[in-house]
Amino acid sequence: MKMTKEHSATQSSQSPTGLVLEGGGLRAMFTGGVLDVFMQNNIRFDATVGVSAGVLFGCNYKSNQPGRALRYNIRFKDNPEYMSWKSLFRTGNYVNERFSYHLLPHVYDPMDFEAYRENPMKFYAVCTDIEEGCPVYHEIDDADGNGLRWMQASASMPVFAKPVEIDGRHYLDGGITDSIPLKFIQEKGYRKNVVILTQPLDFKKKKAHVGLAMKMFLKQYPKVAQLMARRHIMYNDELDYIHSELQQGDTFLICPDEKLNIGRLSLKEDKMRRVYEAGVEKAMSLIPQIREFIE
């Protein structure tokens with residue numbers, strides 16, 4: 001594994017505790033609901049690792065801002081300067097870079113950067129180095145400035161976003177190389193881990209259909225093309241690993257009871273609220289078991 005850079009669960013568990021956040025675009029509104037319940041019930045971890053939308057919504061957990069993810073997505077759902085085909089055609093990014101990673105966190109719905117910095121929980125983002133074709137795990141200890149660039153990189157989907165350049169390297173969505181980074185957090189020394197998925201327990205990923213736009217995009221990035229061709233294998237292998245770890249007793253899984261039926265880029269308010277509430281209800285039902293697990 002390639003890594004760049006290198007506290008607490010309610011907050012005094014004997015074993016270091018970790019939290020793993022899958023991506024999935026607006027499916028991660030489920031994760032937003034779970035994390036809001038965690039904050040409201042003072043359930044904390046020593047470290048969190050997120051992928052793609054798991055990073056974008058998970059950062060609010062470190063800055064202790066319940067409700068923020070749902071709030072700004074509903075507020076700006078009809079604004080073409082936020083997420084739109086117009087932005088994609090004009091800038092190469094469906095999720096507009098200037099709006100989402102500059103104006104939104106600093107002006108329109110400010111992120112509490114000070115609270116983020118002061119929270120001792122470590123926060124890692126998974127990105128994909130498109131030249132090397134490998135995952136990069138970056139600790140974001142300060143969300144302001146370069147931290148937002150790493151968040152953007154982790155959530156930059158092929159075709160729908162341009163590669164993000166940081167310190168001369170180019171990155172795309174971390175889900176291409178490590179969709180559910182449980183092994184990473186375990187190898188960092190976190191023994192008891194909660195994993196939040198945005199697909200139901202019996203989900204298996206199928207090989208993706210590669211359309212013309214994707215073929216044209218991947219032609220520029222051969223390493224990414226190789227990764228995308230076997231992404232379903234990587235993902236399903238990670239699911240199998242999680243299921244095996246559940247049997248060992250050091251992993252706790254939270255996932256939807258059924259398919260969430262929301263598109264990755266869907267900003268329909270009724271769907272976002274429904275998926276968010278599914279996360280809230282699931283987390284509320286599991287609070288006693290989660291407390292017992294991490295304490």
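Two strands pair if DSSP finds at least two bridges between them. Helices (H or I, at least four residues) and strands (E, at least two) are themselves DSSP runs, numbered from the N terminus.

The structure is a predicted model: local features need pLDDT of at least 70, side-chain atom pairs count only at pLDDT 80 or more, and totals for chains, interfaces and linings use all residues. Residues are numbered from 1 along each chain as its sequence is written, and side-chain values use heavy atoms, with hydrogens and water left out.

The chain holds twelve helices and nine strands. Its C-alpha atoms fill a box of roughly 50 × 40 × 35 Å, taken along the principal axes. A compact globule of 295 residues would have a radius of gyration near 19 Å, and the chain agrees, with 18 Å. This radius is taken over C-alpha atoms, and the globule rule is 2.2 Å times the number of residues to the power 0.38.

Of the 295 residues, 57% are buried. Buried means under 20% relative accessible area, exposed means over 50%, and partly exposed lies in between (1.4 Å probe, protein chains only).

Strand β3 (residues 47-51) is mostly covered, with five of its five residues buried. In a regular strand the side chains alternate between the two faces of the sheet. Ala-47, Val-49 and Val-51 point one way from β3, while Thr-48 and Gly-50 point the other way.

Strand β3 has a parallel partner in β2 (residues 17-21), joined to it by four bridges. Leu-19 has Thr-48 of β3 as its bridge partner. Between β2 and β3 the chain passes through helix α1 (residues 29-40), and this β-α-β crossover is right-handed. Right-handed means that, with the strands pointing away from the viewer, the path from the first strand over the helix to the second runs clockwise.

Strand β4 (residues 122-129) also pairs with β3 in the parallel sense, over five bridges. Here Val-51 stands opposite Val-126 of β4.

Two loop residues have a positive phi. Ser-52 lies in the loop between β3 and α2 (53-62). Its phi is about 55 degrees, although Ser-52 is not a glycine. Ser-52 is buried, with a relative accessible area of 6%. Asn-64 is in the loop between α2 and α3 (68-75). Asn-64 is likewise a residue other than glycine, with a positive phi near 55 degrees. At 43% relative accessibility, Asn-64 counts as partly exposed.
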